[in-house]
Amino acid sequence: MVQYNFKKITVVPSGKDFIDIILSRTQRQTPTVVHKGYAISRLRQFYMRKVKFTQQNFHEKLSTIIDEFPRLDDIHPFYGDLLHVLYNKDHYKLALSQINTARNLIGKIAKDYVRLLKYGDSLYRCKCLKVAALGRMCTVIKRIGPSLAYLEQIRQHMARLPSIDPNTRTILICGYPNVGKSSFINKITRADVDVQPYAFTTKSLFVGHTDYKYLRYQVIDTPGILDRPFEDRNIIEMCSITALAHLRAAVLFFLDISGSCGYSIAQQAVLFHNIKSLFMNKPLIIVCNKTDLQPFDELSDEDKKLVMEMKDEAMKTVIGQGGEAINDDGVLLTMSTLTEDGVIAVKNAACERLLNQRVELKMKSKKMNDCLNRFHVAIPKPRDQKERLPCIPQAVLEAKAKAATEKEKRKVEKDLENENGGAGVYSANLRKNYILANDEWKEDIMPEIYDGHNVADFIDPDILHRLEELEREEGLRLEQEADDDDFEMDGKELTPEEQEALAEIRKKKSLLVQHHRIKKSTAESRPTIPRKFDKDMKFTSERMGRQLSALGLDPTSAINRAHSRSVSRRGRKRERSLSREDNDGDAMDMDADLPSKKLRMRTRSRSHPPSDVVPGEGFKDSAQKVKAVKLAKKSVKKRNKDARRGEADRVIPTLKPKHLFSGKRSIGKTSRR
């Protein structure tokens with residue numbers, strides 16, 4: 001569809017890169033070894049080949065640049081004028097002509113130096129001629145460096161131009177800035193043109209595509225045009241003027257009747273009359289936009305008169321009317337892009353007007369006469385006044401009726417959900433489509449199976465009654481325990497000595513409770529209190545011995561154990577304890593003569609065999625654990641064989657180190673490698 005695709009133009013290298021590309025290619029693709037002992041004809045051929053190869057590469061690259069850039073005289077006038085507006089065609093042609101001149105100069109240089117190389121009498125002279133030839137070629141390329149940079153800038157900009165087909169069905173939108181052109185193209189196409197509440201948001205042409213009657217139409221959004229002389233218009237406005245002048249399209253002239261764009265209807269009417277010469281022989285539609293802010297019926301008489309004058313001018317552009325207004329449908333339309341009121345009507349009217357114009361032009365062409373000779377449309381004439389209705393067989397009517405009944409929309413789960421409260425309220429019945437011998441079975445309660453047993457077999461039907469009895473019994477027991485807890489000794493029946501003992505017991509109990517609470521709050525994070533901070537001497541072994549002696553216990557073993565664990569003895573070697581055999585005197589006598597190694601073996605803690613199941617491992621028995629261990633070892637066997645650190649180790653080792661497998665192998669080196 002699109003004839004001009006500027007995105008395919010090859011990148012133009014800079015002058016320095018151009019030279020590097022060609023010289024490196026010459027170095028890579030031509031012979032590089034030559035000796036002065038060669039015959040003079042061979043030397044001449046060697047350097048002539050380098051000069052010719054370099055010239056050929058320069059010629060190909062420069063020819064590619066010249067051929068891929070469009071020639072302004074050969075392309076469509078729309079693109080020719082657009083490129084002239086954007087880049088100034090004089091500069092553009094001058095840059096291409098310099099490229100062409102450089103190509104011819106390089107060809108002449110190569111021709112001259114090849115002729116001189118034919119008379120070279122030594123290796124040195126031939127080499128000097130080759131260096132001079134390549135140096136002059138590179139000098140020519142350096143001189144056209146600015147032209148190459150200019151063409152690269154043009155190529156980058158042309159690649160960003162929209163792909164516009166000047167010959168297809170086109171709808172062109174024009175008008176003052178900020179009147180709603182970009183909003184309209186965003187509504188009717190999938191284009192995403194930036195829309196902002198200030199003028200000249202659109203700075204170039206934007207293209208979108210829409211469909212009407214199964215035909216594709218391209219819609220072009222043009223930048224805003226101001227009412228000023230042609231010479232004073234900038235590049236942005238000239239893009240719009242170029243599109244209006246050269247594209248055969250239906251033109252939509254947008255009017256902002258609310259005045260929110262910053263320009264009155266009178267100013268917009270003046271612009272319309274100034275550029276109406278660009279609308280000749282094109283379907284023209286006046287679109288009054290922003291009717292949500294200012295309805296068309298509420299306009300003043302002066303503004304309505306201006307709009308009607310524009311409508312009369314638009315009627316003169318209808319092809320085939322000779323300037324006379326016959327049918328004014330679809331010439332003046334109103335819409336609002338904010339509320340989307342009338343947007344589709346404007347699009348349909350523009351597409352219909354453009355389609356009718358293109359059909360009329362094709363009917364007037366010479367090709368149509370050749371085509372009409374091949375067509376014959378037969379229109380039968382009635383032979384009498386009798387009405388003959390079509391005869392449709394009864395079977396066909398019955399089949400149509402049956403198909404109509406079957407076509408009735410059946411309710412799906414979505415409809416049932418909407419009827420019964422919506423999502424979160426309605427619960428779909430998954431059993432209603434079960435295929436069973438009896439439909440009544442669909443709602444039966446399905447048994448729950450756990451470990452191969454039916455849960456219903458273990459349910460007591462009187463479980464609720466029994467639960468009430470248990471709760472009642474538990475409540476009675478709790479009341480009784482509460483009554484027992486409330487009982488306290490008042491001390492009136494006790495003797496004075498017993499009362500003192502009771503007070504001592506209660507005080508001791510409260511102190512124990514307080515210490516327990518402190519210990520519980522700090523848990524195991526409570527630090528060991530250094531001796532210098534224990535000023536009250538509450539944590540000494542002597543105090544512990546006195547307390548144990550007061551209770552009638554022997555404090556010797558406890559004091560020794562505390563001493564063995566003290567910090568001051570940390571540097572000393574721990575003595576071995578035979579406390580396990582203290583209870584058995586015979587055993588002590590037996591072990592007295594055993595060597596120290598056997599004693600160590602006796603005192604060592606027993607370890608579980610690997611097959612024993614430790615609680616928490618998740619194995620049923622030892623057989624299952626042994627099987628799991630075997631599978632685990634088998635799974636890591638291949639990984640261990642490949643010397644992998646783990647499952648995530650994906651390192652690929654260097655199987656052939658370069659220092660062992662590269663280079664020539666001299667005598668005595670093969671064994672090491």
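# A working chat about the helices and rings

Guide: Helix α8 is largely enclosed by the rest of the structure, because 9 of its 12 residues are buried, where buried means under 20% relative accessible area, exposed over 50% and partly exposed in between, with a 1.4 Å probe and protein chains only. This is a predicted model, in which local features need pLDDT of at least 70 and side-chain atom pairs count only at pLDDT 80 or more, while totals for chains, interfaces and linings use all residues. Residues are numbered from 1 along each chain as its sequence is written, and side-chain values use heavy atoms, with hydrogens and water left out.

Visitor: Which residues of α8 are buried?

Guide: They are Ile236, Glu237, Met238, Cys239, Ser240, Ile241, Thr242, Ala243 and Leu244. Helices here are DSSP runs of H or I with at least four residues, strands are runs of E with at least two, and both are numbered from the N terminus.

Visitor: And what span should α8 have, at 1.5 Å a residue?

Guide: The 12 residues of α8 (residues 235-246) should span 16 Å, and the end C-alpha atoms are 16 Å apart, which agrees; the expected span is 1.5 Å times one less than the number of residues. For α11 (residues 343-364), the 22 residues should span 32 Å, and the end C-alpha atoms are again in agreement at 32 Å apart. Among the buried residues of α11 are Val343, Val346, Lys347, Ala350 and Leu354.

Visitor: Switching to aromatics, how many pairs are there?

Guide: The count comes to 11 aromatic pairs, where rings of Phe, Tyr and Trp (its six-membered ring) pair if their centres lie within 6.5 Å, and planes under 30 degrees apart count as stacked, over 60 as edge-to-face and the rest as tilted. The rings of Phe6 and Tyr79 have their centres 5.3 Å apart and their planes at 85 degrees, so this pair is edge-to-face.

Visitor: Where do Phe6 and Tyr79 sit in the chain?

Guide: Phe6 is in the segment before α1 (15-29) and Tyr79 is in helix α3 (residues 77-87), so that the pair links distant parts of the chain, 73 residues apart. Both residues are buried, and ring pairs join Phe6, Phe78 and Tyr79 into a cluster. The C-alpha atoms of Phe6 and Arg155 are separated by 7.7 Å, although these residues are 149 apart along the chain.

Visitor: Which charged ends sit over rings?

Guide: Arg42 lies over the face of Tyr38, at 3.7 Å from the ring centre, and the charged end of Arg169 sits over the ring of Tyr217, 5.7 Å from its centre. The rule asks for NZ of Lys or CZ of Arg within 6 Å of the ring centre and within 35 degrees of the ring normal.

Visitor: At what angle do α1 and α2 cross?

Guide: The axes of α1 and α2 (residues 40-68) come within 10 Å and cross at roughly 140 degrees, with axes fitted to C-alpha atoms, for helices over the stretch in contact, and angles running from 0 to 180 degrees between N-to-C directions. The two are therefore oblique to each other, given that under 35 degrees counts as roughly parallel, over 145 as roughly antiparallel, 65 to 115 as roughly perpendicular and the rest as oblique.

Visitor: Last topic, what is the phi of Asn88?

Guide: Asn88 has a positive phi of about 65 degrees although it is not a glycine, and it is found in the loop between α3 and α4. Asn88 is partly exposed, with a relative accessible area of 27%.
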